[in-house]
Amino acid sequence: MNILQFFIVPVIVVLIVHVIMSSIYKDAEKKDKGFVFNGYKLSYRRSFIRSIWAIPFILLLYIAIYWFGDLTTNEYIAIGIIFMLLALSDIATSYVKWKKNEKKA
């Protein structure tokens, strides 16, 4: 399996799209009510709530990888730690920005 094709290229594409989308919606009005598909249009409070709601989906994804994957125990542990760190960092970042933005207003 070529790691460049299956890991590095998608990560680079996601990072480029993230930079473009965050620069487009940097000064846009953020929504705090109603449904928004694009996460860049959300307020920090709504981003925090969306991050909390993502936890069950992350757990389901991890369980699916565990059932259908053919990985070693160390690889499953590494994937679990990576998922947990990504989710916790997203939640913490959204919470800190929400509280910081709340103090400004």
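This is a predicted model: local features need pLDDT of at least 70, side-chain atom pairs count only at pLDDT 80 or more; totals for chains, interfaces and linings use all residues.

Analyst: Two residues are said to be in contact, or to touch, when they have heavy atoms within 4.5 Å of each other.

Leaving aside residues up to four places away in sequence, Lys30 touches Tyr25, Tyr40, Lys41, Leu42 and Ser43. Is Lys30 buried or exposed, or partly exposed? Its relative accessible area is 35%, and since buried means under 20% and exposed means over 50%, Lys30 counts as partly exposed. Lys33, another residue of the loop between helix 1 and helix 2, has a relative accessible area of 66%, so it is exposed.

Lys30 and Trp67 are 37 residues apart in sequence, and their C-alpha atoms are 39 Å apart in space. For Lys33, the C-alpha atom is separated by 21 Å from that of Met21, a residue twelve places away along the chain.

At least two of the lining residues come from each of helix 1 (3-24), helix 2 (44-68) and helix 3 (73-104).

Not counting residues up to four places away in sequence, Ser51 touches Asp90, Ile91 and Ser94. With a relative accessible area of 7%, Ser51 falls under the 20% cut-off and is therefore buried. Glu102, in helix 3, has a relative accessibility of 45% and so counts as partly exposed. The C-alpha atoms of Glu102 and Phe57 are separated by 28 Å, although along the chain these residues are 45 places apart.

Now the whole chain can be set around these details. It has three helices and zero strands, and read from the N terminus its elements run α-α-α. The radius of gyration is 17 Å, well over the 13 Å that the globule rule gives for 105 residues, so the chain is more spread out than a compact globule. The C-alpha trace spans about 50 × 25 × 25 Å along its principal axes. Of the 105 residues, 13% count as buried, and Ser51 is one of the buried residues. Among contacts between residues at least 6 apart in sequence, 28% join residues at least 24 apart.

Finally, a UniProt record, from an unreviewed entry, annotates residues 6-26, 47-69 and 75-96 as "transmembrane region". In the model, residues 6-26 are 90% helix and 0% strand, with the end C-alpha atoms 30 Å apart. Residues 47-69 are 96% helix and 0% strand, and there the end C-alpha atoms are 31 Å apart.

Notes
Residues are numbered from 1 along each chain as its sequence is written. Side-chain values use heavy atoms; hydrogens and water are left out. UniProt positions are given in the numbering used here, feature names are shortened, and annotations may be inferred rather than shown by experiment. Helices (H or I, at least four residues) and strands (E, at least two) are DSSP runs, numbered from the N terminus. The radius of gyration is taken over C-alpha atoms; the globule rule is 2.2 Å times the number of residues to the power 0.38. Buried means under 20% relative accessible area, exposed over 50%, partly exposed in between (1.4 Å probe, protein chains only).
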